[in-house]
Amino acid sequence: MFIAPISITYKFTKKMTIFVCMNSELSGSRPSIILYTDGAASGNPGPGGYGVVLKCGSLRKEMSGGYARTTNNRMELMAVIVGLEAVKWEHAVIEVYSDSSYVVKAITENWIAGWQQRGWKKVKNVDLWIRFLEVYRQH
């Protein structure tokens with residue numbers, strides 16, 4: 001079953017894309033969180049990694065990780081997942097910046113709903129998309 005977020009907005013800024021996961025009715029007066037993400041791999045597959053910067057007011061947290069054999073799309077998606085998992089507030093307002101059209105379009109053009117309706121057939125990175133949905137629904 002797919003549970004759509006209450007509101008998603010996006011816009012394009014230079015090479016970065018933003019989508020906002022928010023439930024303004026439930027977020028109260030908490031400050032918004034900004035999540036910058038990036039991922040890359042040398043070869044497809046090959047060694048790769050991801051980086052995340054979380055900002056909330058004057059606070060800043062950086063996270064990164066890597067894998068010996070991965071793909072660019074997996075690392076782009078993993079960056080968003082790791083960043084969202086680091087946010088412990090439920091129903092937080094989070095601005096997510098990503099330069100990955102794969103990740104952004106899956107959310108903003110609702111590719112995920114179609115993938116789920118077709119039982120994830122012929123979809124790459126299903127394990128990560130399911131993990132993404134679990135954390136995404138919390139916010």
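Modeller: I start with confidence, then go to the rings, the core and the loops around them.

This is a predicted model; local features need pLDDT of at least 70, side-chain atom pairs count only at pLDDT 80 or more, and totals for chains, interfaces and linings use all residues. Residues are numbered from 1 along each chain as its sequence is written, and side-chain values use heavy atoms, with hydrogens and water left out.

Confidence comes first. pLDDT is the predictor's confidence in each residue, from 0 to 100. Its mean over the protein is 83, and 79% of the residues reach 70 or more. Helix H2 (residues 72-86) has the highest confidence, at a mean of 96, while strand E1 (residues 7-13) has the lowest, at 43. Helices (H or I, at least four residues) and strands (E, at least two) are DSSP runs, numbered from the N terminus. Two stretches stay under 50. Over residues 1-15 the model has 30 contacts beyond four places in sequence, a contact being heavy atoms within 4.5 Å. Over residues 22-27 it has 11 such contacts. Where pLDDT is low, the predicted coordinates should not be read in detail.

Now the rings. Rings of Phe, Tyr and Trp (its six-membered ring) pair if their centres lie within 6.5 Å; planes under 30 degrees apart count as stacked, over 60 as edge-to-face and the rest as tilted. By this rule there are 7 aromatic pairs. An α-helix has 3.6 residues a turn, so residues three or four places apart point the same way.

Burial separates the two. Buried means under 20% relative accessible area, exposed over 50%, and partly exposed in between (1.4 Å probe, protein chains only). Trp111 counts as partly exposed because its relative accessibility is 30%. Trp115 counts as buried because its value is 12%. Trp115 also pairs with Trp120, again tilted, at 6.5 Å centre to centre with 45° between the planes. Trp120 is buried as well, with a relative accessibility of 17%. Ring pairs extend this into a cluster of Tyr102, Trp111, Trp115, Trp120, Trp129, Phe132 and Tyr136.

Leaving out residues up to four places away in sequence, Trp115 touches Tyr102, Ala106, Trp120, Val123 and Trp129.

Next, the core. A nonpolar core is a set of buried Ala, Val, Leu, Ile, Met, Phe, Trp, Tyr and Cys residues joined through side-chain atoms within 4.5 Å. The largest one has 33 residues; Leu84, Ile94, Ile112, Trp115, Trp129 and Phe132 touch the most other members. Two or more residues each come from E3, E4, H2, strand E6 (94-98), helix H3 (101-108), H4 and helix H5 (126-136). H2 gives the largest share, 8 residues.

Helix H3 deserves a word. The buried ones are Tyr102, Val103, Val104, Ala106, Ile107 and Thr108. Just after H3, Asn110 has a positive phi of about 60°.

The loop between H4 and H5 holds Trp120 and Lys122. Neither is a glycine, yet Trp120 has a positive phi of about 65° and Lys122 one of about 60°. Lys122 counts as exposed because its relative accessible area is 89%.

Strand E3 (residues 33-41) and strand E4 (residues 46-56) pair antiparallel over 8 bridges; pairing needs at least two DSSP bridges. Ile34 stands opposite Lys55 in E4. Pro45 sits in the loop between E3 and E4, and its bond to Asn44 is a cis peptide, with omega about 15°. E4 also runs antiparallel to strand E5 (residues 59-70), with 10 bridges. Gly48 has Tyr67 of E5 as its bridge partner.
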